[in-house]
Amino acid sequence: MTDPTEAAAFDALLGRRSDHLLVIVDELLRIVRAGPEAAALAERSEAELVGMSLIAAFGSASLDAVARQALTAGGASGEAALGHLGARQFAIDAIPIRGGGLVLSLHEITQLRRIERVRRDFVANIGHELRTPLTSIKLLAESLSSGAVDDLETMREFAGQVERETDHLAQLVDELLDLTMIESGETTLTTSPIHPDAVVRDCVTRIGPVAERREVRVRQLASPDDRVQALADPERLGQALLNLAHNAVKYSHTGGEIRLGWEPTGTGRVRFTVADDGIGVPEIHQPRIFERFYKVDRARTREPGSSMGGSAGLGLSIVRHIAEAHGGAVGVTSEEGIGSTFWIEVPSVAA
Ligand code: ADP
């Protein structure tokens with residue numbers, strides 16, 4: 001670029017459009033000048049890029065195609081995957097310049113595309129989770145209304161199943177609303193010092209009837225000799241612990257036992273634990289079970305779609321969000337066929 005006014009214009013553009021990467025090419029698509037960000041994207045120095053062909057510099061057929069089209073059509077736009085392993089997504093505008101060649105302006109849209117994908121997956125997951133109970137309800141209602149079922153006992157049984165599926169749907173909607181509220185930061189925590197014993201005792205009481213129905217024993221572990229208190233929102237922490245206890249019962253064997261307890265971590269936190277000797281979580285799934293909609297395998301649940309309901313894979317992601325909202329953490333140690341210990345940590349204060 002010999003024309004000083006053109007060089008000045010390029011520098012001005014670079015300064016003003018700092019979120020755009022700029023490259024100038026001649027009519028043979030050889031690089032005349034590239035901005036520092038564009039050079040970094042090509043993993044070369046600005047000087048090295050001068051004279052290189054666009055395709056050699058960026059290795060992208062899509063970018064090359066947009067540039068070619070711009071030369072013949074008087075301008076063009078498109079998208080290309082660029083950078084190391086094509087991991088970054090860019091929107092491209094190619095504008096012809098007087099005297100031949102083009103200015104290519106690249107604007108990164110990786111994050112935008114990621115958000116779009118997450119949203120699409122989220123909607124697809126919800127659709128999938130809603131379809132199963134809805135299909136069951138429809139089939140049951142059809143059997144009842146077609147007159148194919150005429151004995152009272154079967155009718156009652158079908159109506160009972162409709163009720164359970166509806167409960168499941170209601171729980172799914174509650175979990176989704178909960179998750180959305182917590183994720184968007186709309187839920188404000190009202191924290192106060194609470195005794196860990198009280199949190200555990202409350203959870204033991206609440207899970208009792210559910211465990212009894214499933215013939216699973218519930219035990220509260222002896223509390224450590226420590227006067228530490230948890231600094232937490234009692235309702236939210238209780239909800240998180242109850243979610244873990246629900247899972248522990250759900251994935252236990254008949255006659256099993258779940259154990260709830262707590263201990264100070266020695267790092268300014270209290271760790272609540274929920275242990276079971278149930279089916280366990282295979283190691284490869286452990287890093288992912290706290291993601292929303294992540295399920296190991298529905299077929300392993302004792303009674304899928306039963307009154308325990310809620311097998312949407314949302315429970316643990318809610319627990320994780322509650323822990324993180326407190327500035328705490330969650331985790332699991334588990335062995336398939338042996339059992340699991342889930343834990344949640346929240347900040348502590350000396351009593
Ligand atoms: P779900 O509604 O499917 O139980 P969660 O988010 O609560 O969803 O759990 C995600 C997955 O983690 C479950 O599908 C299950 O496979 C596994 N899981 C959770 N808790 C336990 C447990 N105590 N024992 C064995 N597997 C568990």
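A helix crossing is right-handed if the near helix is turned clockwise from the far one by less than a right angle. The views below come from a predicted model.

**View A. Helices α8 and α9 cross with right-handed geometry.** Helix α8 spans residues 196–213, and helix α9 spans residues 234–250. Their axes come within 9 Å. The crossing angle is roughly 40°, which makes α8 oblique to α9.

**View B. Residues at the α8–α9 contact.** From α8, the contact is made by V199, V200, C203, R206, I207, V210 and A211. From α9, the partners are L237, G238, L241, L242, A245, H246 and V249.

**View C. F290 and F342 form an edge-to-face aromatic pair.**

**View D. The F290–F342 pair in its sequence context.** F290 sits in the loop between β10 (269–276) and α10 (315–325). F342 belongs to strand β12, residues 339–350. The pair therefore ties together parts that are 52 residues apart in sequence.

**View E. R271 lies over the face of W343.** Arginine R271 is placed at 3.8 Å from the ring centre of W343.

Methods:
Residues are numbered from 1 along each chain as its sequence is written. This is a predicted model: local features need pLDDT of at least 70, side-chain atom pairs count only at pLDDT 80 or more; totals for chains, interfaces and linings use all residues. Side-chain values use heavy atoms; hydrogens and water are left out. Rings of Phe, Tyr and Trp (its six-membered ring) pair if their centres lie within 6.5 Å; planes under 30 degrees apart count as stacked, over 60 as edge-to-face and the rest as tilted. Helices (H or I, at least four residues) and strands (E, at least two) are DSSP runs, numbered from the N terminus. A charge sits over a ring if NZ of Lys or CZ of Arg is within 6 Å of the ring centre and within 35 degrees of the ring normal. Axes are lines fitted to C-alpha atoms, for helices over the stretch in contact, and angles run from 0 to 180 degrees between N-to-C directions. Angles under 35 degrees count as roughly parallel, over 145 as roughly antiparallel, 65 to 115 as roughly perpendicular and the rest as oblique. Contact means heavy atoms within 4.5 Å.
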